[in-house]
Amino acid sequence: MNLREKYNIPANAVITIAGTVGVGKSTMTNALSQSLNFRTSYEKVDTNPYLDKFYDDFEKWSFHLQIYFLAERFKEQKRIFEYGGGFIQDRSIYEDTGIFAKMHYDKGTMSPTDYETYTNLFDAMVMTPYFPHPDLLVYLEGPIDDVIGRIQERGREMEQQTPHTYWQEMHGRYEDWINNFNACPVLRIDINDYDLMKNPDQVEDVVARIGYMLEQTSHLRK
Ligand SMILES: Nc1ncnc2c1ncn2[C@@H]1O[C@H](COP(=O)(O)OP(=O)(O)O)[C@@H](O)[C@H]1O
Ligand SMILES: Nc1ncnc2c1ncn2[C@H]1C[C@H](O)[C@@H](COP(=O)(O)O)O1
């Protein structure tokens, strides 16, 4: 019996992994998709035509980048729907508006007009009864120093050169955001409770918790 069957996880479940930059979403996405035999939906960083420019000049590029991410995530959402689920998604669409766009607007690096245009578009596309929400959002959290350590270790130059205050601000915002998030059920995971790099077998604990959480919230899907 595979782990998906062992922990009663429906074959059509859609599980999204959320959390701040560098916290370990892609690593978790990869581990879960392998153990559940699910498809993946990754954020494509290397082919993003705006990301480098954005880190170089937030003010100039934040609107372009948000529109790009929104289009990419919406296409992915469609793909997940067309396959009928069975996906692990690396980052949720909710973080684009709830964390990134809002933070840049609040900090003055996205203009009020651009922010309004973006949020209008986001709400029209996503906040409708037709938009399928994930069955579960797995939220990865951990101390800011660990997160910054991982960003440095991963080695994306644009992120390494970004001041630590940017990541600290984001980290604080994530805590507030998740405490108020209610679009779908949430499973919170402390990154120091697992080390999937050193002990890949620990993914079974995560799968067990996901199975339990999906069972507890199954009435929401019927
Ligand atoms: N459990 C872990 N322990 C130690 N390092 C980790 C762990 N999970 C991820 N990492 C490392 O942290 C960095 C960021 O991980 P990644 O999965 O790319 O994060 P995200 O997708 O959230 O930005 C990578 O260098 C990765 O190898
Ligand atoms: N919506 C976004 N706005 C700005 N920057 C974003 C957004 N979504 C992702 N990013 C950035 C943050 C990182 O530099 C890369 C990839 O994120 P990661 O958390 O490492 O998967 O894209």
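## Basis of the model

Residues are numbered from 1 along each chain as its sequence is written, while chains are lettered from A and ligands numbered from 1 in the order in which they are written. Because the model is predicted, local features need pLDDT of at least 70 and side-chain atom pairs count only at pLDDT 80 or more, whereas totals for chains, interfaces and linings use all residues.

## Overall fold

The chain contains ten helices and five strands; these are DSSP runs numbered from the N terminus, helices being H or I with at least four residues and strands E with at least two. For its 222 residues the globule rule gives 17 Å, and the radius of gyration is close to that at 17 Å, so the chain is as compact as a globular protein of that length. The radius is taken over C-alpha atoms, and the rule is 2.2 Å times the number of residues to the power 0.38. Along the principal axes, the C-alpha atoms fill a box of roughly 50 × 40 × 30 Å.

Of the 222 residues, 33% are buried, a label for residues with 20 or more other C-beta atoms within 10 Å of their own, with C-beta atoms placed from the backbone.

## The sheet

The five strands form an open sheet in the order β2-β3-β1-β4-β5, with parallel pairing; two strands pair if DSSP finds at least two bridges between them. Strands β2 (39-41) and β5 (186-190) are at the edges with a single partner strand each, so one side of each has no neighbour in the sheet.

Strand β1 (residues 14-18) has five of its five residues buried. In a regular strand the side chains alternate between the two faces of the sheet. In β1, Val14, Thr16 and Ala18 point one way, and Ile15 and Ile17 the other. Four bridges join β1 to the parallel strand β3 (residues 87-90), where Ile88 is the bridge partner of Ile15. Four bridges also connect β1 in the parallel sense with β4 (residues 136-141), and there Thr16 is partnered by Leu137. Strand β4 in turn runs parallel to β5 over five bridges, with Val186 of β5 as the bridge partner of Leu137.

## Around ligand 2

Ligand 2 is surrounded by 13 residues, the closest being Val21, Glu43, Phe69, Asp96 and Phe100; a residue is near the ligand if its C-beta atom, placed from the backbone, lies within 6 Å of it. Helices α4 (58-83) and α5 (94-106) each supply at least two residues of this shell, and α4 gives the largest share, three residues.

Note on methods
Buried ≥ 20, exposed ≤ 12 C-beta atoms within 10 Å, placed from the backbone.
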